[in-house]
Amino acid sequence: MTNLAIAANGLRKSYGDKNVLDGIDIAVPRGTVFSLLGPNGAGKTTAVKILSTLVPPGPGSGEIRVGGHDLATDPQAARAAIGVTGQFSAVDGLITGEENMLLMADLHRLPK
Ligand SMILES: Nc1ncnc2c1ncn2[C@@H]1O[C@H](COP(=O)(O)OP(=O)(O)OP(=O)(O)O)[C@@H](O)[C@H]1O
Ligand SMILES: [Mg+2]
């Protein structure tokens, strides 16, 4: 478990009658790049929101660990270990990649 950056078992989420995530498993090793692909409405953003603690997982979800931290018992430690940027960032088309990186560094109060 500790060699995994993200570990989720049986991730579930419904909105009303709509079953969005029907028990998905994710295991992402540390130090790797992982892409989550799927058609529009497949539940990608919902999964990312759960993994980044922005929305709670649905009932019946198994254990979820991010950066080794259990989201159910230590969400603050998981938040401290990650960075999330939205699909529709307001400044993506306005500033360069380097400027975007420096902005994120400023927001995280990284030293010069
Ligand atoms: N807050 C919400 N309330 C109700 N339904 C929602 C909510 N958020 C998402 N959904 C529904 O859940 C399903 C999955 O949405 P989600 O945004 O996770 O998909 P996605 O894979 O990110 O899609 P896209 O490729 O368009 O970004 C969709 O049917 C969406 O309408
Ligand atoms: Mg999406």
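Student: Accessible areas here come from the Shrake-Rupley method with a 1.4 Å probe, and for residues only the protein chains shown count as cover; so what does the accessible surface of the protein chain come to?

Tutor: The accessible surface of the protein chain is about 7,900 Å², and carbon and sulfur atoms hold 57% of it. This is a predicted model, in which local features need pLDDT of at least 70 and side-chain atom pairs count only at pLDDT 80 or more, while totals for chains, interfaces and linings use all residues. Residues are numbered from 1 along each chain as its sequence is written, chains are lettered from A and ligands numbered from 1 in the order in which they are written, and side-chain values use heavy atoms, with hydrogens and water left out.

Student: And how many helices and strands are there?

Tutor: The protein chain has three helices and four strands, in the order β-β-α-β-β-α-α from the N terminus.

Student: Okay, the ligand. Which residues come nearest to ligand 1?

Tutor: There are 12 residues around ligand 1, and Lys-18, Gly-41, Lys-44, Thr-45 and Thr-46 come nearest, where a residue is near if one of its heavy atoms lies within 4 Å. By class, the shell has four nonpolar, six polar and two charged residues; Ala, Val, Leu, Ile, Met, Phe, Trp, Tyr, Cys and Pro count as nonpolar, Asp, Glu, Lys and Arg as charged, and the others, Gly among them, as polar.

Student: What lies 2.9 Å from an oxygen atom of ligand 1?

Tutor: That is a backbone N or O atom of Gly-43. In the side chain of Asn-40, an N or O atom is 3.0 Å from a ligand oxygen, and in that of Thr-46 the separation is 2.5 Å. Ligand 1 exposes 640 Å² when taken alone, and the protein buries 61% of that. Two or more shell residues come from each of β2 (18–29) and α1 (44–51), with α1 giving the largest share, three residues.

Student: Switching topic, how many salt bridges does a search of the whole structure find?

Tutor: Two, a salt bridge being a side-chain nitrogen of Lys or Arg within 4 Å of a carboxyl oxygen of Asp or Glu. Asp-22 and Arg-12 form one, at 2.9 Å from N to O. This pair joins distant parts of the chain, Asp-22 in strand β2 and Arg-12 in strand β1 (residues 4–15), 10 residues apart.

Student: Is Asp-22 buried or exposed?

Tutor: Asp-22 is exposed, at 53% relative accessible area, whereas Arg-12 is partly exposed at 31%; buried means under 20%, exposed over 50%, and partly exposed in between (1.4 Å probe, protein chains only).

How values were computed:
A polar contact is a pair of N or O atoms within 3.5 Å; within protein, one must be able to donate a hydrogen and the other to accept it, and residues adjacent in sequence count only if both atoms are side-chain atoms. Accessible areas come from the Shrake-Rupley method with a 1.4 Å probe; for residues, only the protein chains shown count as cover.
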